[in-house]
Amino acid sequence: MTEDTPTQAADAATTTPVAGAAQPSRRSLLAYAGAGLAVGAAAAGGAAAVTRGSGSADGALANAALTGAAVPFHGAHQAGIATPVQDRLHFAAFDVKTKDRAELVQLLKDWTRAAERMTAGLPVGEGAFGGLPEAPPDDTGEALGLKPSRLTLTIGFGPSLFAKGRFGLEGQRPAALVDLELFPGDNLDPARSGGDICVQACADDPQVAVHAIRQLARIGFGKTAMRWSQLGFGKTSSTTPEEQTPRNMMGFKDGTRNISGTDTTALDQHVWAAAKDGSAWMAGGSYLVARRIRMNIEIWDRTPLQEQEDIFGRDKAEGAPVGKSKERDEPFLPAMKPEAHVRLAHPDTTGGAMMLRRGYSFTDGTDGLGRLDAGLFFLAYQRDVHKGFVPVQRNLARADVLNEYIQHVGSAIFAVPPGVRDKDDWWGRTLFA
């Protein structure tokens, strides 16, 4: 949980006109009785996005938040990384069950074609009805009548996919795809960690995101099995600084230092992998660290306000760093307590580490002891995990006083390949070619 870690943001979606806005999709021709953005979309940032001009590509994507329009699927980078952050998440990690490389490749092609349709607001294949009565439909139908809701689908490959004797990929494993160390304080559940393949579905309508993961799981049945999944709400960071900074479950603004999605120079430096990094197939991709961070809500809620602010190094109302008056004022680290979260996560204390964050809050019922199972599902993209997440987490795990109130209970890392260039391209082509 790196509240003050600087992040970068941009991708092809910020420079490409929005698809589907000028011409209605097959699904959008259906009645919109069930349509609409998730509750709170406008309040949590959708309304603020209209401050950008509607005549620009940025303005088109901002308007997409209000209209439920589609985010382009094709591009040099996968959508869902530096794309303006949507309100809802369904993240899933899969284990690959097939031992046949050709079968895995075909699955990735099938998944790509399904993702193209779903992100455009279209049903998978021939749809949920109208086909042979004797055969199951190609789509399960729960998203019929709903708008695309800025759905993005982003895929990544875990270290286990590159294991020797599986698919002949052991020589292709990037050096940046590290096996994360066990940090002090970690209490990782193997059932909520790892995975051969991940898919991140983000949308402004939770049903659209859940539908997308369900379709991929259905298509992969017998060849993949879902290892674990996580639903998320209330984005905890934004790639569009014009929006109001969202708050985490502790009530503090989170992700203040996210940088504009138009800052392509910083993005190239800190987020997108390059061929010169040592794995040419990853050029245009990134590396994702996912961490499920449980918050001890009940203890936190009984902590005095001044102590809460000292723990973070920011005030709760404005989000201003200690000794400053505005949220985006540059922090003066010596004014903070040595163990303050912001101070320990700042690049001045982590060797300049920078990541792009797309985290979400979660609540998953209770823990059986009457306590809320809630916290942060941390998602961070970076060019090199050795220079991004690892040094930051080492610093935080060593001394962050916030550790008294949180615990990392799930962990995974994935190599996220470059984008799908056109209708003939597919997820992972550069790896398997």
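Reader: Which residues is Trp 427 in contact with, leaving aside its neighbours within four places in sequence?

Author: This is a predicted model: local features need pLDDT of at least 70, side-chain atom pairs count only at pLDDT 80 or more, and totals for chains, interfaces and linings use all residues. Residues are numbered from 1 along each chain as its sequence is written, and side-chain values use heavy atoms, without hydrogens and water. Contact means heavy atoms within 4.5 Å. Trp 427 is in contact with Phe 73, Gln 78, Leu 108, Trp 111, Thr 112, Ala 115, Leu 153, Ile 155, Leu 216 and Val 420.

Reader: What makes a nonpolar core?

Author: Buried Ala, Val, Leu, Ile, Met, Phe, Trp, Tyr and Cys residues, joined through side-chain atoms within 4.5 Å. The largest one here has 75 residues. Leu 108, Trp 111, Leu 153, Phe 157, Val 385 and Trp 427 touch the most other members. Helix H3 (residues 101–119) gives the largest share, eight residues. Helices (H or I, at least four residues) and strands (E, at least two) are DSSP runs, numbered from the N terminus. Apart from this core lies another, of 23 residues, including Val 271 and Trp 272.

Reader: Why is Cys 202 called buried?

Author: Buried means under 20% relative accessible area, exposed over 50%, partly exposed in between (1.4 Å probe, protein chains only). Cys 202 has 0% relative accessibility, so Cys 202 counts as buried.

Reader: Where is Cys 202 placed, and what does Cys 202 touch beyond four places in sequence?

Author: Cys 202 is in strand S3 (residues 197–203). Its contacts include Gln 86, Arg 88, Leu 151 and Tyr 360.
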